[in-house]
Amino acid sequence: ETSIRINKTNKIMSGNLDLIVKERAEKWLSGNYDEDTKKQVKYLMDNNLGELTESFYKDLEFGTGGLRGIMGVGTNRMNVYTVGMATQGLANYLKKAFPGKQIKVAIGHDSRNNSRLFSERVADIFAANGFKVYLFDSLRPTPELSFAIRKLECDSGVVITASHNPKEYNGYKAYWNDGAQVVAPHDKNIIAEVQKITSPDQVLTNGHKDNIVILDETFDAIYLDAVHSLSLSPEAIAAHHDLKIVYTPIHGTGVILVPESLRKFGFTNVVTVKEQNIPDGNFPTVASPNPEERATMKMAIDLAARQQAEIVLATDPDADRIGMALRDRDGSYILLNGNQTCALLVYYIVRRWSELGKLHGREYIVKTIVTTELVARIAESFGVKHFECLTGFKYIATVIRNLEGKMQYVCGGEESFGFLAEDFVRDKDAVSACSLAAEAAAWAKSQGMTLYDLLKEIYVKYGFFDEALVSIVRQGKEGQEEIARMMTQYRNNPPQSLGGSPVITVKDYLTGESLDVKSGRKTPIDMEKSNVLQFITADSTIVSIRPSGTEPKIKFYFGVRGELCCEDKFEETRQTMERKIESIKQEMKLI
């Protein structure tokens, strides 16, 4: 009987969903949509009900960071209509936020398919709303968009990008007047306005084209001058200007500015991966345009091996994330994870600030809650304070904004390959990060070391911190529901031990409470609430779990630490740490 009731309920739910999808699709067939869009909707109705359901079962959610989704027709897809309605909602909020003012906005985009089309639609809508619009003439790195908002004193900005997502995706990120992605209360307020736009008929278009100002290479020079001001070791570059660097933009926007920035810093021996220099939203030479993955970096590493390059640099499609591989003493190339890259850059920058007499006791760095604790130890050893925030660079930017005029920002980073070495940009910046990574390599060489030697030295000094990430992808509506169930299960039944060490602290960032397991005492977490769980053991192992805010996946972050007595024991210690992480994954049934 129970089975019959469940089956009946499922049929009713399925039937209701079919009706909703059918009604939504028919609105697109009869509404003010272009003929090609209508043909595609009709094709799905006649030939692919599964894809029709995924395309129409809900609205593509305008979240706290904007839109991100698969491109295609439908309410749950990235297309000119969903982008247009989101833009009109944002425009309506900007009018409320800045009444009686000439509102200014900046717009950029990456190399993805439809990115230029979407950015021009956004510019058209903002212009039709009477805004002054600064639109880049072609693809540009996301950090330059953030820089433009600040430099041109804009009230808001939009970049069309899906970062390092697969080629099927595109996205829409909204920025506020400080050059950072929108945060509370503006994020929720914008969402409320976007939700009021239920039809493309409510979107203003085709008006005031003269409100659009095109930004070209003249503005690039202003941005690159600012990036070059970050240089800390010009004498080391002068001595090692011919340091061989291999760089790949992975078919993205980095090709516009990263090689030029490296040349401006003084490097004369930069080799690029020619096949990947061509901007292409299909990313034809890689399965995924993500510099975290060795397969994605293979062409660059192979070229580096042939050229005997000392450092390999890469940027994701919108050039806000940096990938890096370093040559070891035996000539093999070690692909760094985001935590190692962050630790190296923090160490180099903070140490050079110290050596140059730039530390006066008011300086700080920022890291996210899932980023290695190593960077906190490094900062503290130089008397630099560290702050923690939720995952996402908008939260790092919030710390910078809140401390402006009170303390001096030095740098900040996150495990997902994002780093920011300046405060004239308020989002992760791989243009400056690549330039400083190359400079750090030249500086290390002037000390008789490679960057990989320097990393080992850091581990000896501060402890061996090893991290890993497991991502479980679950697509579509059912995937969302499964991820939600997994979070509920871990929240209700937290592990009692990990890797043989008892869990002593459970942090639930959704409830905003930290639980001392032994005493049962709860203390508040002074952060915005977020769906993240963190388990900390007696031996300082940290496991964090969070659903991605931008992709259909749930992420498990592992961090363990041990001691490294000397560089000769590096590989042995690394293997010990790796085995510990693998055992924890097995305990949690993730492998």
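**Strand pairing, rings and a buried serine**

Colleague: Which residue in strand 15 is the bridge partner of Glu 414?

Modeller: In this predicted model, the partner of Glu 414 is Gly 418.

Colleague: What makes strand 14 and strand 15 a pair?

Modeller: Two strands count as paired if there are at least two bridges between them. Strand 14, residues 408-414, and strand 15 have three bridges, so they meet the cut-off of at least two. The sense of the pairing is antiparallel.

Colleague: Which strands are the edge strands of the sheet?

Modeller: The open sheet has four strands, in the order 13-12-14-15, with mixed pairing. Strand 13 (385-389) and strand 15 (418-420) each pair on one side only, which makes them the edges. From one strand to the next, the twist averages 20°.

Colleague: What packs on the sheet?

Modeller: Helix 13, residues 374-381, touches strand 12 (363-368) and strand 13. The direction of helix 13 makes about 175° with that of strand 12.

Colleague: Where does Ser 416 lie, and why is Ser 416 called buried?

Modeller: Ser 416 belongs to the loop between strand 14 and strand 15. Its relative accessible area is 8%; the cut-off for buried is under 20%, so the term applies. Leaving aside neighbours within four places in sequence, Ser 416 is in contact with Glu 292 and Arg 321. Asn 339 is 77 residues from Ser 416 along the chain, with 7.7 Å between their C-alpha atoms.

Colleague: Why is the ring pair of Trp 28 and Tyr 81 called edge-to-face?

Modeller: The structure holds 22 aromatic pairs. In this one the ring centres are 5.8 Å apart and the planes stand at 75°. Trp 28 is in helix 1 (residues 2-30) and Tyr 81 in helix 4 (residues 80-97), 53 residues apart, so the pair links distant parts of the chain. Both Trp 28 and Tyr 81 are buried.

Colleague: Which residues do ring pairs link into a cluster?

Modeller: Phe 136, Phe 147, Phe 219, Tyr 223 and Phe 424.

Colleague: How do you know that the charged end of Lys 358 sits over the ring of Trp 353?

Modeller: The charged end is 4.2 Å from the ring centre, and the distance limit is 6 Å. The charged end of Lys 456 likewise sits over the ring of Phe 570, 5.3 Å from its centre. Being over a ring also requires a position within 35 degrees of the ring normal.

Key. Residues numbered from 1 in each chain as written. Predicted model: local features only at pLDDT ≥ 70, side-chain atom pairs only at ≥ 80, totals over all residues. Heavy atoms only, no water. Helix = DSSP H or I, 4+ residues; strand = E, 2+ residues; numbered from the N terminus. Axes fitted to C-alpha atoms, helices over the stretch in contact; angles between N-to-C directions. Contact = heavy atoms within 4.5 Å. Phe/Tyr/Trp six-rings, centres within 6.5 Å; stacked < 30°, edge-to-face > 60°. Buried < 20%, exposed > 50% of the residue type's maximum accessible area, 1.4 Å probe, protein only.
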